[in-house]
Amino acid sequence: MKTLKRKSDISIKKLIFISALLFLLFIPYVYFGYLAFFPDLFSIMAAYWISADEKKSYSVIFISYAIALLRVIFGGNPLVGTLYILTGFMASHMPDIFKGNFPTVVILTAILTLLSSTIISVNLIIENPKTILLILMKVVSSTLFCIIIFPFVIEE
């Protein structure tokens, strides 16, 4: 009986290039801080790098740790960094859920953005329930940005 090798649709070389470009977009993120309309680039990078790891070994935990560390360095919440590390840990133990295909990357981006935005804004949600609309706007903008860059990172 043949065993099939799990193959990701995402090219690592192209992902490195796109990640470098996304890193340049962190400059406005650092200057303006948390904005509802600005895509959550850290969640997008985490979703792509976690999905791109074909083996889903412990290296995916290191990748998610590096992205979490970047987020905290750029003024992010440490709890959100912990969320990324936990997602990497889950991916290493449940590799069938975190495949490197288009739906997985989009769903993971939406979930990470929703959870990270909610963690950051939990105090604001209690004071002003309209903050939920801003969180949903951030989820939509991050998901759309993730969809837009997907053709640039797929393997041919």
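**Residues, then packing**

Modeller: Start with proline 103, which lies in helix 6 (residues 102-120). Keep in mind that this is a predicted model.

Biologist: Next one. Where is threonine 113?

Modeller: Threonine 113 is in helix 6.

Biologist: Buried or exposed?

Modeller: Threonine 113 is buried, because its relative accessibility is 0% and the cut-off for buried is under 20%.

Biologist: Which residues is threonine 113 in contact with, leaving aside neighbours within four places in sequence?

Modeller: Threonine 113 is in contact with Asp40, Ser43, Lys138, Val139 and Ser142.

Biologist: OK, zooming out. How many helices and strands are there in the protein chain?

Modeller: The protein chain has 8 helices and 0 strands. Along the sequence the pattern reads α-α-α-α-α-α-α-α.

Biologist: What share of the residues is buried?

Modeller: 43% of the 156 residues in the protein chain count as buried.

Biologist: And the surface, what does that come to?

Modeller: The protein chain has an accessible surface of about 9,000 Å², and carbon and sulfur atoms account for 76% of that.

Biologist: What about contacts between residues 24 or more positions apart?

Modeller: Such pairs make up 77% of the contacts in the protein chain with a separation of 6 or more.

Biologist: Now packing. At what angle do helix 1 and helix 8 pack?

Modeller: Helix 1 (residues 12-24) and helix 8 (residues 131-153) pack at about 140°, and their axes are 9 Å apart.

Biologist: Why are helix 1 and helix 8 called oblique?

Modeller: The angle is about 140°, and roughly antiparallel needs an angle over 145 degrees. The pair is therefore oblique.

Biologist: Which hand is the crossing of helix 1 and helix 8?

Modeller: Helix 1 and helix 8 make a right-handed crossing.

Biologist: Which residues meet there?

Modeller: From helix 1, Lys14, Leu15, Ile18 and Leu22 meet Phe145, Ile149, Phe152 and Val153 of helix 8. By class, this contact has 7 nonpolar residues, 1 charged residue and no polar ones.

Terms used:
Residues are numbered from 1 along each chain as its sequence is written. This is a predicted model: local features need pLDDT of at least 70, side-chain atom pairs count only at pLDDT 80 or more; totals for chains, interfaces and linings use all residues. Side-chain values use heavy atoms; hydrogens and water are left out. Helices (H or I, at least four residues) and strands (E, at least two) are DSSP runs, numbered from the N terminus. Buried means under 20% relative accessible area, exposed over 50%, partly exposed in between (1.4 Å probe, protein chains only). Contact means heavy atoms within 4.5 Å. Accessible areas come from the Shrake-Rupley method with a 1.4 Å probe; for residues, only the protein chains shown count as cover. Axes are lines fitted to C-alpha atoms, for helices over the stretch in contact, and angles run from 0 to 180 degrees between N-to-C directions. Angles under 35 degrees count as roughly parallel, over 145 as roughly antiparallel, 65 to 115 as roughly perpendicular and the rest as oblique. A crossing is left-handed if the near helix is turned anticlockwise from the far one by less than a right angle, and right-handed if clockwise. Ala, Val, Leu, Ile, Met, Phe, Trp, Tyr, Cys and Pro count as nonpolar, Asp, Glu, Lys and Arg as charged, and the others, Gly among them, as polar.
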